[in-house]
Amino acid sequence: MQPNGTYDWALNIGNHVAGPNTDRVGYAVDVDASGNAYIVGETTPSSSNTNQRAFIAKFDQNGTLLWHLQDNSTFQLSGVTPESYARGVAVDSSGAAYITGHFKSSIAFGNHQRNQTTSSSLDGFIFKINPDGTSAWAKKIQASSGSPCMFNDIEIDSQDYVIMVGGTETTGHTCAFTDNSGTTNIANEKSYIAKLNTSTKQWDWVIGVGYEKVFDVAIGPADEIAVVGGFEALLNPNGTWAWQHPQPGLSGSSCGNYCPNAVDFDSEGNLFFTGYFQGSMYAGQREGGGNQFIVSAGGTDIFVRKKA
């Protein structure tokens, strides 16, 4: 798309990913320095009870398919049909792509496969895919039995560290982040944020938060980290909180009548939020003092909010 809003091209991804009689959903896209687009999502055959299977596809700046990978694992655990969900993708300075999501039974891109330890839930994953489409490595985030570890988004900072965010609808579960130095268990939290050194594949830090699952993450000009979901927060690059709070005007831990689904920075470090709300929404302090509110046009409305 051009700055004036005109389109250069548009594609039906279904012509390239999976076969006929298949439902396809794209969840995330990122672009490398050469203008190539990486798209991730899932396919589900509409003519059977087969579960979702994750995919990643790379297109050049003219819309030509360069390659695509579909989760091709045939491993089954205790009779469970494999299912996989790709929900986020980020591209580093070399053009390598990092995919995150969650899976049941097993998941495989290329020659890297990760198998689930318990069959009653969903484990998280991160895969690194080289620029040519070959699989580099994979890591698993293990869930406790009966409780999922789901990941919704991933971003990469200026040092090529990746930040993954996710969560679950319930408490009373544990997500195990393991590397060569040991395991960090995040227990009894509704959401989690993790930073991974992609060179060493070691977790730099992992934190849990008691609010509902995180939907989106953005990286600022100084590698600060903004997250939104059942709460809004800004973290420093070392994982300490710059600030955090539930939704403006709310005291609970759920979205309720106000829910930010996406966040991003501009080049000056200003934050922009969008999502939905009902009724009236607290929008911050006015420049001249006093609270500022916006009012829904009726029913559920969309908002855009800037925070300097």
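User: What pLDDT does the chain average?
Analyst: This is a predicted model. The chain averages a pLDDT of 82. At least 70 is reached by 82% of the residues.

User: Which elements have the lowest and the highest mean pLDDT?
Analyst: Strand 8, residues 112-115, has the lowest mean, 62. Strand 17, residues 216-219, has the highest, 96.

User: Where does pLDDT stay under 50?
Analyst: Residues 73-79 are one such stretch. The model has 18 contacts there beyond four places in sequence. Residues 248-253 also stay under 50, with 14 contacts beyond four places in sequence.

User: How many bridges join strand 17 and strand 18?
Analyst: Four, in the antiparallel sense. Aspartate 216 has valine 228 of strand 18 as its bridge partner.

User: What about the hairpin of strand 17 and strand 18, how many residues are between the strands?
Analyst: Five. Aspartate 223 takes a positive phi there, near 65°. Aspartate 223 lies in the loop between strand 17 and strand 18 (225-228).

User: Is aspartate 223 buried or exposed?
Analyst: Aspartate 223 has 11% relative accessibility, so it counts as buried. The cut-off for buried is under 20%.

User: Which other residue has a positive phi although it is not a glycine?
Analyst: Lysine 201, with phi of about 60°. Lysine 201 sits in the loop between strand 15 (191-197) and strand 16 (202-209). Its relative accessible area is 30%, so lysine 201 is partly exposed.

User: New topic, the largest nonpolar core. Which residues touch the most other members?
Analyst: Ile126, Phe177 and Trp203, out of 20 residues in that core.

User: Which elements give two or more residues to it?
Analyst: Strand 10 (135-143), strand 11 (150-156), strand 12 (161-167) and strand 13 (174-179) do. Strand 15 and strand 16 do too.

User: What does phenylalanine 177 touch?
Analyst: Leaving out residues up to four places away in sequence, its contacts include Ile141, Phe151, Ile186, Tyr192, Ala194, Trp203 and Val206. Gly182, Thr183 and Thr184 are also among them.

User: What does the second, separate core include?
Analyst: That core has 18 residues. Trp67, Phe103, Ile107 and Phe125 are among them.

User: How many bridges pair strand 22 and strand 23?
Analyst: They pair over 13 bridges, in the antiparallel sense. Strand 22 covers residues 271-285.

User: What stands opposite glutamine 285?
Analyst: Asparagine 291, in strand 23.

Notes: Residues numbered from 1 in each chain as written. Predicted model: local features only at pLDDT ≥ 70, side-chain atom pairs only at ≥ 80, totals over all residues. Heavy atoms only, no water. pLDDT = per-residue confidence, 0-100. Contact = heavy atoms within 4.5 Å. Buried < 20%, exposed > 50% of the residue type's maximum accessible area, 1.4 Å probe, protein only. Pairing = 2+ DSSP bridges. Core = buried A, V, L, I, M, F, W, Y, C linked by side-chain atoms within 4.5 Å.
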